[in-house]
Amino acid sequence: MTNIVLNIIYESWRVLLESAPFMIFGFFVAGLLKAFVKPDFVSKNLGSGKTSDIVKASLLGIPIPLCSCGVIPAAAQIKEQGAGKGATASFLISTPETGVDSIAVTWALLDPVMTVLRPLTAFISAIAAGIAVNFFDKKDTQKNVAMQEIKLGPVADLDEGSCNSGDCGCSGCGCGHDEHGHSHGESPKGVIPQIKYGLEYAFGELLQDIGTWFIAGVILAGIFSALIPEGFIENNLGDGFLSLLIMLVAAVPLYVCATASTPIAAALALKGLSPGAALVFLLAGPATNAASFTVVTKMLGRKSAFIYLCSIIVSALILGMLTNWLYSLLGLDISSWVNPAEIETHGILSVLSAVVLLAMILYPKVKHLIFK
């Protein structure tokens, strides 16, 4: 038993060493985005009801590091300011499926091909969902009573109910109150104050929102690496459609943010999971969870919410199959890139980054427990 625990700790530490420098870099870029990309810029470009709005919403959501519940207040805000249902659905999908932090960690823990495929497939699936919502649910809701329900209902529910109770899946209230207060507030004037403002947000509120789930993902990756025998998944599930379905069933109801899903997918890929099945988990896990779907239903309506969910499922399966085909065509083996390296091969930068990242995530929580 002691050996198993030590092995889990070893594997978790290895994953943390691999990913910590990229996580810190990702949060730094997220801070710059926060400082210089204004919410008004987003809302003013998504209200015409055209397909171009859907494309813009998908593109704008890709670099923003918000989880599947944290994105809801932001999406409610842009919808309240005039974004159409299709554009809102696209933003709701592309934003949690990827982000600058998760893209950086994908490079660290998976391979260059998956690093490119992840944001690309998030973009494609978001566009597909937005077009499907606009096509199958053409009712204009931008000026009717439902607009007021979005303004007063879902956001209030998320802030005062789900977020405080923990039902939305986020740690603390990082996805609620601050999204409409600090997060959407006016940034200070001047380049240096803006950068400071953005970095304080990234390494404060955002880090606390995502950090706990990232650590949980690292520990799960360590458990999978330590306990699942080499080739077990490959020998029992193969690389066919069944493995994609299993990962989809596991991912859809589960709350896992894009950053936390990456070490889990990497650990499973190392044990033989096909790249397509890993991508299904990376797409469906962050974009869906049982708690936030109820708020999405209230925001978009039942019909559009059902189309939204079906679009994610169908897109993830199709893109997963295409990913397996691409890897096979190129003769690539994802597990050969995701090889466990010895801890000794990691330099001082990796160790320092891991220690600093752990300290930034854990210190506020320990301080709160001691002084509450």
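The legends below accompany close-up views of a predicted model.

Local features are reported here only where pLDDT is at least 70 and side-chain atom pairs only at pLDDT 80 or more, whereas totals for chains, interfaces and linings use all residues. Residues are numbered from 1 along each chain as its sequence is written, and side-chain values use heavy atoms, with hydrogens and water left out.

**View 1. The chain as a whole, with 19 helices and zero strands.** Helices (H or I, at least four residues) and strands (E, at least two) are DSSP runs, numbered from the N terminus. The chain has 372 residues, of which 53% count as buried; buried means under 20% relative accessible area, exposed over 50%, and partly exposed in between, with a 1.4 Å probe and protein chains only. Among contacts in the chain with a separation of 6 or more, 86% are accounted for by residues 24 or more positions apart, where contact means heavy atoms within 4.5 Å.

**View 2. Helix H17 and the setting of Ser-315.** Helix H17 covers residues 302-330 and includes Ser-315. With 29 residues, H17 reaches 42 Å from its first C-alpha to its last, close to the 42 Å expected at 1.5 Å a residue; the expected span of a helix is 1.5 Å times one less than its number of residues. Ser-315 counts as buried because its relative accessibility is 11%. When neighbours within four places in sequence are left aside, Ser-315 is in contact with Ser-125 and Ala-128. Just after H17 comes Gly-331, which takes a positive phi of about 70 degrees.

**View 3. The crossing of helices H7 and H17.** The axes of H7 (residues 112-136) and H17 come within 9 Å and cross at roughly 145 degrees; axes are lines fitted to C-alpha atoms, for helices over the stretch in contact, and angles run from 0 to 180 degrees between N-to-C directions. H7 passes H17 in a right-handed crossing, a crossing being left-handed if the near helix is turned anticlockwise from the far one by less than a right angle and right-handed if clockwise. Residues of H7 that take part include Leu-117, Ser-125, Ala-128 and Phe-136, and the residues that they and the rest of the H7 group meet in H17 include Ser-311, Ser-315, Leu-319 and Tyr-327. By class, this contact has 14 nonpolar, six polar and one charged residues, where Ala, Val, Leu, Ile, Met, Phe, Trp, Tyr, Cys and Pro count as nonpolar, Asp, Glu, Lys and Arg as charged, and the others, Gly among them, as polar.

**View 4. Pro-112 in helix H7.** Pro-112 has a relative accessibility of 26% and therefore counts as partly exposed.

**View 5. Helices H6 and H14 packed together.** H6 (residues 100-109) and H14 (residues 258-270) pack at an angle of about 15 degrees, with their axes 8 Å apart. That angle makes H6 roughly parallel to H14, given that angles under 35 degrees count as roughly parallel, over 145 as roughly antiparallel, 65 to 115 as roughly perpendicular and the rest as oblique. The crossing of H6 and H14 is right-handed. On the H6 side the contact is made by Asp-101, Ser-102, Val-105, Thr-106 and Leu-109, and on the H14 side by Ala-258, Thr-259, Thr-262, Pro-263 and Ala-266. By class, the contact of H6 with H14 has five nonpolar, four polar and one charged residues.

**View 6. Helix H14 and what follows it.** H14 has 13 residues and reaches 19 Å from its first C-alpha to its last, close to the 18 Å expected at 1.5 Å a residue. This helix is mostly covered, with 13 of its 13 residues buried. H14 is followed by Gly-272, whose phi is positive, near 115 degrees.

**View 7. Pro-286 in helix H15.** Pro-286, found in H15 (residues 275-287), counts as buried because its relative accessibility is 0%. The C-alpha atoms of Pro-286 and Thr-259 are separated by 8.8 Å, while the residues lie 27 residues apart along the chain.

**View 8. Val-29 and Ala-30 in helix H1.** Ala-30 is buried, with a relative accessible area of 3%, whereas Val-29, at 22% relative accessibility, counts as partly exposed. Not counting residues up to four places away in sequence, Ala-30 touches Pro-65, Val-100, Ala-202 and Leu-206. Ala-30 and Pro-63 are 7.8 Å apart in space, C-alpha to C-alpha, and 33 residues apart in sequence.
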